[in-house]
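These are my notebook entries on a structure I looked through. I set down what I looked up and what I found.

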Amino acid sequence: MERIHTGIEELDSKIDGGYPLNRTMLVTGTTGSGKTIVGLHMISRGCLEGKKCMIIATEEPAEDILAQAESLGMDVRKYYENGSLIIDRVYEERTIHARNVLAYGIEEIDDLQSNLLGLLDRIPDDIDILLVDNIGVFTLNMSPNEFRAQFDSLIYGFGKKNLTSMVISDMASDDRTGGIAVYSVYGVIKTSVQDDPYTGVRQRFLEIIKIRNTRIPLDPLRFEINPNGIVFLKKEKT
Ligand SMILES: Nc1ncnc2c1ncn2[C@@H]1O[C@H](COP(=O)(O)OP(=O)(O)OP(=O)(O)O)[C@@H](O)[C@H]1O
Ligand SMILES: [Mg+2]
């Protein structure tokens, strides 16, 4: 099976060379645990290799994403400027919509909030690698059944478009939808921040929950975020 680099070298070697080509990975985890950074690594590496990349960002403006990437040594701005990286403006559209509701009292159904599948129409045909960060906003008014139906169709649509994709889902959205997103995707990564039970020190972990057709490490991987992004730490002596 062909793979694309995760952008985290040590991770590639732990999962048979990278994320499976033309499949969808789901990244889930608590707020601030590193989900977006996992995604940025994949995008930045893809750009570097001349792939056409896209980020659909529902929670933050393009400028913040570029600044975050830069703070981690990923120079994606130049790809954004030359058009080989597209950052979709769903976030801006959402905030404009919210302002219209406030100003004019429009109570129409917010298409952006109920039409997860509509994301497919926003993706140009020539995109190779896609990051959706994140799908939480689409699940606010959806039953788990409706979510499953739309999410399955979305993942199927990504495959039809020959995309290698990563979808980020926050924990609140997982709770609302009963955690069923994991069954629709090819692989699942979970990031977390936990207290060391002995020292009380906060530590970051990345766990590979599953990747079909791939050898995966079963233990959570402890990591740090430094100016080069995610770096795994040695196992502690026990
Ligand atoms: N340049 C940096 N150097 C060190 N740590 C950083 C740097 N940039 C971000 N971080 C750390 O990464 C964390 C955020 O990671 P990230 O944005 O990937 O989390 P997330 O799971 O996507 O969170 P959210 O729920 O906000 O989307 C921050 O809380 C911060 O501690
Ligand atoms: Mg994030």
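**Entry 1: the ligand shell.** I began with helix H2 (residues 35-48), which supplies the largest share of the shell around ligand 1, namely 3 residues. I note that the model is a predicted one. I then listed the residues around ligand 1: Gly29, Thr31, Gly32, Ser33, Gly34, Lys35, Thr36, Ile37, Ser71, Leu72, Asp170 and Ile225. Sorted by class, this shell holds 7 polar, 3 nonpolar and 2 charged residues.

**Entry 2: the core.** I next looked up the largest nonpolar core, which has 57 residues. Met25, Ile43, Ile55, Val76, Leu85 and Val132 have the most contacts inside this core. H2 gives the core its largest share, 6 residues.

**Entry 3: Ala57.** I found Ala57 in strand S4 (residues 53-57). Is Ala57 buried or exposed? I counted Ala57 as buried because it has 22 C-beta neighbours inside 10 Å, and 20 or more are required. Leaving aside neighbours within four places in sequence, Ala57 is in contact with Ala62, Ile65, Ile87, Asp88, Val90, Tyr91 and Asp133. I also looked up the distance to Asn141: Ala57 and Asn141 are 84 residues apart in sequence, and their C-alpha atoms are 19 Å apart in space.

**Entry 4: helix H3.** In helix H3 (residues 62-71), I noted Ile65, Leu66 and Ala69 as buried. Viewed down the axis of H3, the buried residues fall within an arc of 95 degrees, so they line one face of the helix. Glu63, Ala67, Glu70 and Ser71 are exposed on the other side of H3. I asked what covers the buried residues of H3. The cover includes H2, S4, helix H4 (77-81) and strand S5 (85-88). After H3 comes Gly73, with a positive phi near 75 degrees.

**Entry 5: helix H7.** I checked the length of H7, which has 17 residues and should span 24 Å at 1.5 Å a residue; its end C-alpha atoms are 24 Å apart, which agrees. Which residues of H7 are buried? I found Phe147, Gln150, Phe151, Leu154, Ile155 and Phe158. These residues cover an arc of only 135 degrees around the axis, which puts them on the same side of H7. The face turned away from that buried side carries the exposed residues Asn145 and Lys160. Among the elements that cover the buried residues of H7 are S3, S6, S7 and helix H9 (181-184).

Entry 6: H7 is followed by Asn162, which lies in the loop between H7 and strand S7 (164-170). Phi of Asn162 is near 55 degrees, a positive value in a residue other than glycine. I recorded Asn162 as exposed because it has 11 C-beta neighbours inside 10 Å. Asn22, in the loop between strand S2 (19-20) and strand S3 (24-29), also has a positive phi, near 60 degrees. With 18 C-beta neighbours inside 10 Å, Asn22 counts as partly exposed. Lastly, I looked up the peptide bond from Asp133 to Asn134, which is cis, with omega near -5 degrees. Asn134 is placed in the loop between strand S6 (129-133) and helix H7 (144-160).

Conventions: Residues are numbered from 1 along each chain as its sequence is written. Chains are lettered from A and ligands numbered from 1 in the order in which they are written. This is a predicted model: local features need pLDDT of at least 70, side-chain atom pairs count only at pLDDT 80 or more; totals for chains, interfaces and linings use all residues. A residue is near a molecule or strand if its C-beta atom, placed from the backbone, lies within 6 Å of it. Helices (H or I, at least four residues) and strands (E, at least two) are DSSP runs, numbered from the N terminus. Ala, Val, Leu, Ile, Met, Phe, Trp, Tyr, Cys and Pro count as nonpolar, Asp, Glu, Lys and Arg as charged, and the others, Gly among them, as polar. A nonpolar core is a set of buried Ala, Val, Leu, Ile, Met, Phe, Trp, Tyr and Cys residues joined through C-beta atoms within 7 Å. A residue is buried if 20 or more other C-beta atoms lie within 10 Å of its own, exposed if 12 or fewer, and partly exposed in between; C-beta atoms are placed from the backbone. Two residues are in contact if their C-beta atoms, placed from the backbone, lie within 7 Å. The arc is that of the directions from the helix axis to the C-beta atoms. The expected span of a helix is 1.5 Å times one less than its number of residues.
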